[in-house]
Amino acid sequence: MENILKVDKIEKYYGSRSSLTKAIDNLSFEVEKGEFVAIMGASGSGKTTLLNCIGAIDKVTSGHIFVGGFDITKLKGNELNRFRREELGFIFQDFNLLDTLTAYENIALALSIQGISASIIEQKIKKVAEELDIKDVLNKYPYQMSGGQKQRVASARAIITDPKLVLADEPTGALDSKSSKMLLEKLEFLDGLGATILMVTHDAFTASYARRVIFIKDGKIFKEIHKGKDTRKEFFDKIIDVVTLLGGDLNDAL
Amino acid sequence: MMLCKLSLENIKKSIKDYAIYFFTLILGVAIFYVFNALDSQTVMMDVSSSTQDIIELMMTMLSGVSVFVSFILGFLIIYASRFLIKRRNKEFGIYLTLGMSKRKISLILFFETLLIGIISLLVGLGLGVLLSQAMSLVVANMFEANLTKFAFVFSSSAFIKTIIYFSVMYLLVMIFNTYSLSKCKLIDLLNGAKKTEKIKLKNPYLCMLIFIISCFVLGRAYYIVTHDFLTLQEVTDILKPIIMGAVSTFFIFWSLSGLILRIAMGIKKFYYKGLNSFTLRQFSSKINTTVFSSTIICLMLFITICLLSSCLTIKNSMNANIKELAPVDAMFTVNINMDKYYDEYRNYGYNDFQIKNSHYTVKEKFELFDLDILSYFKDYIEVNTYATPDLTLNHTLGSRLDSIRTQFPFLAYDTMETIMKISDYNKVAKFYGIPEYSLNHDEYLIVADFKSMVNIRNVALSNGEEISLFGHTLKPKYDTCQDGFLEMSSQHINTGIILVSDDIIDEEYLVQNCLIGNYKTTDRKEITKIENHINQLDKSSKANEYLLPSGSTKLAIQEATIGLSAMVTFIGLYLGIIFLISSAAILGLKELSESSDNKERFKTLRKIGTDEKMLDKALFRQIAIFFLLPLILALIHSIFGILFAVKVLEVFGNEQLLPSIITTAIIIVIIYGGYFLITYYCSKNIIKNERDL
């Protein structure tokens, strides 16, 4: 399988020389095309920092991140913006939809900033809206939608550009359990269509929808488990086992 | 004290965001001081007593205008502070949940206002004192006076006045703040920031309808002020088009806010290009709430443009007119045969002696006052004018009278026309260096330069109206009025002199004798001395018996003109600049105060990978639209406003209109454009702060 993401011995330090915090400590892993990977860890384990580094929102202190073979740690300024715009799709915990725009316009924006024509935009949105079941809310404003709908609109915006990699930061963090389930089923479905998704979460239920879960503790990989032939329920139990092993406050998530 | 510290910190924190507010306050204080301290600049100038009188009058007018200005600034400050408080609702909510009493929060606000007030007053006054030094040059230039010495001027009266006026304004703001805070509920304060913004799209058909109606009403108002101009006889008549204009301006903004987005959304290729959809939404989400302020700003800009350009036109025209309309040094006139019209002159307030002793020429009159007027003159001419009750405007207009009377019911149709011998007029014309004319025995011609009157007279002349005078019937030589004048003045005010062949005149009807001459001396001081001496004669006991010839001299006209034009210019500049900075400040402040919302939005845009260049462009466009929209409508208003002003100010001539408009445009571009750029860079800064995400 093709390698979409290769994280190579990255380190991220915060703070000054006197009080150094190692948010990420010599971490390496790879994600293949079409994979659905969840990164789990307690608050402060460095998982969001990791996602920010991969998303070129934050810079690594050392090491390299390759997306589709390109070393993104070497990109600068507008190259970074272009990379984010064309190679990545983001789903945020707090949706990050523009409150002044309708759902349709929010999704369209991801394409229009790439200079794609209005007619192609329309076709693409039609398709993705069907896939994510948001056809009814396309003309609504964010304040008129439920949390679940907002997150599906955000997901639509993330995947509509056909990114190499979709990064989801706690996508279910602000959703109730029913909406969460619905969103995750949609992500699973998108994965089935060939999207590569990297999701950060501290919630075992959310993680159980992924096909691989990487556990992070203190900026290092603690353990990695594969779903393999397991059912979702069996995989969930396995995750819980690791969480128990991990201890600490990740237990609170249960 | 803790409250003081909190206030101080708050100001420090917000000074960057509200730099534009401080800047405007400082500018307001400085301008207020500069214009109220104008008189102190004239101290070091060499000016005559009559100029001094005009300066005094100007200062009285300026202090009247200052009251008005303080209302505008007061409105601006209250508006701005209400705005800034709204932005801080959450902060006050936190103070309240921490158990701080409302009284204490009021105290915080009180200290803040006090600090802002003191800082802006001090800095503003400092700036004002500096600016008024530069103003000395402008004032001296305006009064065409020599700076006798250059000294540092400081006007303590203006200083104190500024402090008092602004203290009152700040005090009102404090009271207002305390009041509005006491009305707040904690829950509203805390939730204020979270309020979900509802975006309503207006009904496009209704918008279209209202837009069309407003345009129609506006067009009608334009038409009234430019074409139906003559129907506006009373001051209150002008209110109608003004109200029509203001109301339609409001509704045009209201409907445009809905229409622009609708139309843009219709053009998909445009709407879904780059950040266009975002920019347009930004614009329409805000204009819904800013229709009212856009209207106010548009109207203020309109007033500014008209005020500045017409004031400058008056100034420029007057100065240009002087050379043309006061070509010689002095002209003295006396009324002759006043007893013929005894009743009328009595009504004007002349006494019996003056009326009875009215059979002397100018030269003879002065001799009665023991003055040899001719001894002052290098060269001179003497001419007479005539009038008869048998030749009034009624007669001159002839068969056209009725139609003109319905159009202009308020003209004085019974006034006797001024008649001159053609040879007398040519003497004057030669002396003045203006065109001379020739006439046949049975012809007459009219010289006039007051435009409206010329137009009225031309109606009759082009119709070939004949007049009868002293038993002769005369036909017009030309079908239009000819250019010319007898009386020197600073404006084109000759409403018409009828020139006829010399042999027609009946000396019985002599009404005025004029002596026109150039002084031997060209020294300004000498001339002032001569003229002061002549003016003094009016105070002698003889003046009750004999009416002193009235004089209009080049110097007097110049001084009056310069004074008047300086007054008009300063008042125009004062009001214009205050209006301009107030409206620009409101816009800038509004834009900046929304930057916290914008910050989040731009952050999101950046997260999904928008180029910095694109973001900057979107921000620039967004702010530009907000600054341009009121300006564009104001410019359209101004075209018609200026057309109207040109008609009203016809006597001053409008040759100087273009340079005035250019000057006005420069002032507006500098001030308004300056505010626009400051707003843009401040917002960019606020948004850039989040670059590190």
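Trainee: Which residue of strand 2 of chain A does Val7(A) stand opposite?

Mentor: Phe29(A) is the one facing Val7(A). Before we go on, some housekeeping. This is a predicted model, where local features need pLDDT of at least 70 and side-chain atom pairs count only at pLDDT 80 or more, while totals for chains, interfaces and linings use all residues. Residues are numbered from 1 along each chain as its sequence is written, and chains are lettered from A and ligands numbered from 1 in the order in which they are written.

Trainee: So how do I read strand pairing here?

Mentor: The general idea is that strands of a sheet pair through backbone hydrogen bonds, either parallel or antiparallel. Two strands pair if DSSP finds at least two bridges between them; the elements are DSSP runs numbered from the N terminus (helices: H or I, at least four residues; strands: E, at least two). In chain A, strand 1 (residues 3–14) and strand 2 (residues 21–32) are antiparallel over eight bridges.

Trainee: Which other strand is joined to strand 1 of chain A by five bridges?

Mentor: Strand 4 (residues 62–67) of chain A, again antiparallel. In that pairing, Asp8(A) sits opposite His64(A).

Trainee: What is the strand order in the open sheet of six strands?

Mentor: Chain A has the order 6-7-8-3-9-10, with mixed pairing. Strand 6 (88–91) and strand 10 (220–226) of chain A are the edges, each pairing on one side only. From one strand to the next, the twist averages 20°; angles run from 0 to 180 degrees between N-to-C directions, with axes fitted to C-alpha atoms (for helices, over the stretch in contact). Inside the sheet, strand 3 (residues 36–40) and strand 9 (residues 212–217) of chain A run parallel, joined by four bridges. Ala38(A) faces Val213(A) there.

Trainee: What lies across strand 6 and strand 7 of chain A?

Mentor: Helix 5 (residues 147–159) of chain A, running at about 170° to strand 6 of chain A.

Trainee: And how do I read a helix pair?

Mentor: Check the angle first: under 35 degrees is roughly parallel, over 145 roughly antiparallel, 65 to 115 roughly perpendicular, and the rest oblique. The axes of helix 3 (residues 103–112) and helix 4 (residues 118–131) of chain A come within 10 Å and cross at roughly 125°, so these two helices are oblique to each other. Residues making the contact (C-beta atoms, placed from the backbone, within 7 Å) include Tyr104(A) and Leu111(A) of helix 3 and Ile121(A) of helix 4 of chain A. The contact residues divide into six nonpolar, one polar and one charged. Here Ala, Val, Leu, Ile, Met, Phe, Trp, Tyr, Cys and Pro count as nonpolar, Asp, Glu, Lys and Arg as charged, and the others, Gly among them, as polar.

Trainee: How far apart are the axes of helix 23 and helix 24 of chain B?

Mentor: The axes of helix 23 (residues 612–648) and helix 24 (residues 657–688) of chain B are 11 Å apart, at an angle of about 160°. That makes the two helices of chain B roughly antiparallel. Among the residues that meet are Phe620(B) in helix 23 and Phe676(B) in helix 24 of chain B.

Trainee: How many residues of chain A are in contact with chain B?

Mentor: 21 residues of chain A, against 25 of chain B. On the chain A side, helix 3 gives the largest share, five residues. That side divides into twelve nonpolar, five polar and four charged residues.

Note on methods:
Contact = placed C-beta atoms within 7 Å.
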